[in-house]
Amino acid sequence: MATHEQAAPADSPRPAIAVSGDGDRLALAGVLDIGTLGEARKALKKTQGSLDIGGLERLDTPGALFLCNLRDKGVKLTAVRAEHQSLLDLICGLELKPLPKVEQVSRWRQIVVDLGKGAHDARHDVLDIIAFLGRAASWTVSALLHPSCMRPAAISRHVEETGVHALPIIGTMAVMIAVVIGYQGVAQLRPYGGEDFTINLVAVSMLREMAVLITAIMVAGRSGSAYTAEIGVMRTREEVDALNVMGIEPMQVLVVPRVIALVITLPLLTFFADMMGLLGGAGIALGLLDVSPLQYVARVRQAVDLSDLFVGLFKAPVFAFIIAIISCMHGLRVKGSAESVGRETTRAVVKSIFLVIVLDAFFSILFEKLDV
Amino acid sequence: MNARARTQDDSILSARDIVNRFGKQVVHDKLSLDITRGEIIGIAGGSGSGKSVLLKTLIGLREPDAGEVLLNGKAVASIGASERASLIGVLFQQGALFSSLSVAQNIMLPMREHTALPVEEQEQIAAMKLALAGLPADTGIKPPSALSGGMVKRAAFARALALDPKILFLDEPTSDLDAIAAGGIDALILQLNKSLGVTVVIVTHDLTTLFTVCGRIAVMVDRKVTVDTPDMLMKSDHPWIREFFHGPRAEGAMQARKTSHGI
């Protein structure tokens with residue numbers, strides 16, 4: 001005698017399944033569906049002989065599949081209701097094959113495979129970047145030589161989105177960075193009585209390095225990702241293919257305006273960040289050093305010369321070019337799915353910030369050697 | 001299934017005095033619709049007539065500005081997530097298969113969330129649903145991006161059936177499909193309705209599907225619905241309905257109906 005009944009949960013009364021009878025003759029009553037399947041399987045583990053399912057009130061496809069499997073094992077189903085018979089016929093009639101297994105690779109082997117794939121991809125990546133850089137540069141130059149091919153509307157839209165809309169965040173960040181450098185400077189220089197030199201520290205480091213670097217990183221995260229996602233979604237919706245078919249070079253309409261727009265805006269944003277950084281420095285000077293704004297201006301003019309400003313501003317268009325190229329390249333690499341857009345956007349941002357910092361280090365060495 | 005027979009005339013889903021508006025534009029004005037248990041009903045209408053909005057309202061994704069939707073006698077918005085998943089299956093127009101999961105994982109997802117079955121059993125059920133939707137088992141390990149348009153629809157069908165819903169909503173199940181694939185989907189709908197007893201609501205403007213599959217058609221006109229059998233709608237005086245059912249494209253579909261119904 002194997003009776004199995006489960007108390008219904010309080011919140012949603014669940015219909016239950018009951019097995020009765022003994023030995024070779026069992027009967028199933030109640031509801032056999034995906035919710036009660038586990039119980040039924042437990043109760044009928046060692047069933048042989050016949051199973052009366054006339055008492056079943058409801059049967060769904062997983063339940064039918066279970067009964068079909070029982071029948072295949074030699075259990076005889078008796079007293080089948082007409083409506084259940086058609087469902088059983090349908091499910092038992094299906095040609096069922098198990099899902100093929102995905103091939104599992106051992107963890108150690110996987111590491112080696114990943115390493116090899118990574119190296120292979122890295123090599124292709126470098127070649128791709130160089131090729132894309134060349135193509136984009138040539139299209140940009142040809143657009144500059146033939147101004148009629150330029151798309152002023154697109155360029156100005158991108159200038160607005162990447163430049164004007166970024167002003168508040170870039171300004172705030174520049175002030176904050178100046179405050180950070182200022183506080184550190186005062187704390188480190190005070191023991192030597194040189195805290196006044198904090199002004200020099202803030203002014204020079206903002207103009208030469210910090211302003212352009214944080215602006216470039218911010219723009220890579222903000223506008224570079226937007227470039228990749230915009231172009232990527234256009235690719236998933238076959239808009240890029242549509243351009244190709246219409247005989248319009250995607251490079252010319254998608255990449256060149258974005259590159260030009262960013263090359264215009266990043267130096268301007270950097271200059272804005274320079275000024276906001278100096279403003280933050282003025283705040284530090286007034287608050288921590290009791291230096292009045294007028295004195296501060298005089299000190300800054302002593303501390304920096306124009307070359308400091310130009311060193312910073314010179315780097316901006318180079319960074320802009322790199323960010324725009326990398327972002328557009330990854331946008332055009334998107335294939336098919338939404339997942340791919342996300343992956344390429346991540347790669348674009350990581351790669352452009354990485355390259356910006358590498359190039360910045362390179363520029364630092366260069367300017368040191370050139371004694372600028 | 002006894003229960004189904006007993007309540008044959010009950011409506012599984014009823015929408016009462018639904019009002020939907022976007023700003024000043026009224027899409028549905030006191031629309032009422034009753035869907036009978038076990039039937040196949042088509043929802044037809046011109047572009048912009050509010051078919052998709054009605055579908056969203058019926059499955060509880062959009063709260064109407066006025067009126068209520070009752071599913072199995074309960075307000076659809078008040079039904080818990082797990083119960084709703086076992087009542088409603090939806091085939092979205094683009095399939096909406098999760099691109100980060102394989103087809104089989106897509107089908108197993110609702111089972112994993114709402115049942116306590118072991119994985120092997122889920123896999124077995126997923127393979128059965130695939131076969132039910134007419135797909136070979138090796139489709140299961142493919143990512144959705146590797147499927148053709150017709151296979152995407154069938155895979156989405158299999159996922160919509162994952163928890164054996166009582167009511168199945170199909171949003172444009174045959175759009176973007178060639179005639180053979182569309183015919184296959186039509187046959188699949190009929191077969192599932194017959195053998196599983198599932199109620200089917202089809203939003204479509206594919207006249208062939210409307211004529212060959214649907215027992216009743218709800219036509220969306222003048223911000224309301226007119227529900228009737230295809231034959232009665234053919235005789236309607238309403239100008240839009242006349243044009244819809246008597247246009248040049250309707251003739252071929254009518255022919256298909258005659259063939260399939262043996263009239």
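Okay, one definition before anything else: two residues are in contact here if their C-beta atoms, placed from the backbone, lie within 7 Å. Keep in mind too that this is a predicted model.

Let's start with the interface. By that cut-off, 31 residues of chain A are in contact with 27 residues of chain B. Which elements of chain A give two or more residues to that side? They are α1 (37-43), β3 (50-59), α2 (61-72), α3 (82-93) and α12 (338-370). The largest share is from α3(A), with six residues. If you sort the chain A side by class, you get 14 nonpolar, eight polar and nine charged residues.

Now zoom in on one helix pair across that interface. α2(A) packs against α5 of chain B, residues 119-132, at about 105°, and the axes are 10 Å apart. Angles from 65 to 115 degrees count as roughly perpendicular, so that is what α2(A) is to α5(B). Who's touching whom? On the α2(A) side we have A:T61, A:P62 and A:L65, and they meet B:Q124, B:I125, B:M128 and B:L132 in α5(B). By class, that contact has five nonpolar and two polar residues, and no charged ones.

Staying in chain A for a bit. The chain has 12 helices and four strands. Of its 372 residues, 33% are buried. And if you take contacts between residues at least 6 apart in sequence, 78% of them join residues at least 24 apart.

The crossing of α9(A) past α10(A) is right-handed. From α9(A), the residues involved are A:L278, A:A282, A:A285 and A:L286, and across from them in α10(A) sit A:P293, A:Y296 and A:V300. In class terms, that contact has seven nonpolar residues, with no polar and no charged ones.

Over to chain B, and a sheet. It's an open one with four strands, ordered β2-β1-β4-β5, and the pairing is antiparallel. Where are the edges? Those are β2 (25-36) and β5 (74-75), each of which pairs on one side only. Looking at the β5(B) end, the antiparallel pairing with β4(B), residues 66-71, runs over two bridges. One bridge to look for is B:L70 with its partner B:A75 in β5(B). There's also a helix on this sheet: α2 of chain B, residues 51-58, lies across β1 (11-22), β2 and β4, running at about 125° to β1(B).

Last topic, backbone angles. Most residues other than glycine have a negative phi. Here are two that go the other way. A:E238 isn't a glycine, yet has a positive phi of about 65°. You'll find A:E238 in the loop between α7 (198-236) and α8 (239-245) of chain A. Is A:E238 buried or exposed? A:E238 has 11 C-beta neighbours inside 10 Å, so this residue counts as exposed. In chain B, B:R223 also has a positive phi of about 65° without being a glycine. B:R223 is in the loop between β9 (216-221) and β10 (224-228). With 18 C-beta neighbours inside 10 Å, B:R223 counts as partly exposed.

That's it from me.

How values were computed
Residues numbered from 1 in each chain as written. Chains lettered and ligands numbered in written order. Predicted model: local features only at pLDDT ≥ 70, side-chain atom pairs only at ≥ 80, totals over all residues. Nonpolar A, V, L, I, M, F, W, Y, C, P; charged D, E, K, R; others polar. Pairing = 2+ DSSP bridges. Axes fitted to C-alpha atoms, helices over the stretch in contact; angles between N-to-C directions. Left-handed = near helix turned anticlockwise from the far one by under 90°. Buried ≥ 20, exposed ≤ 12 C-beta atoms within 10 Å, placed from the backbone. Parallel < 35°, antiparallel > 145°, perpendicular 65-115°, else oblique.
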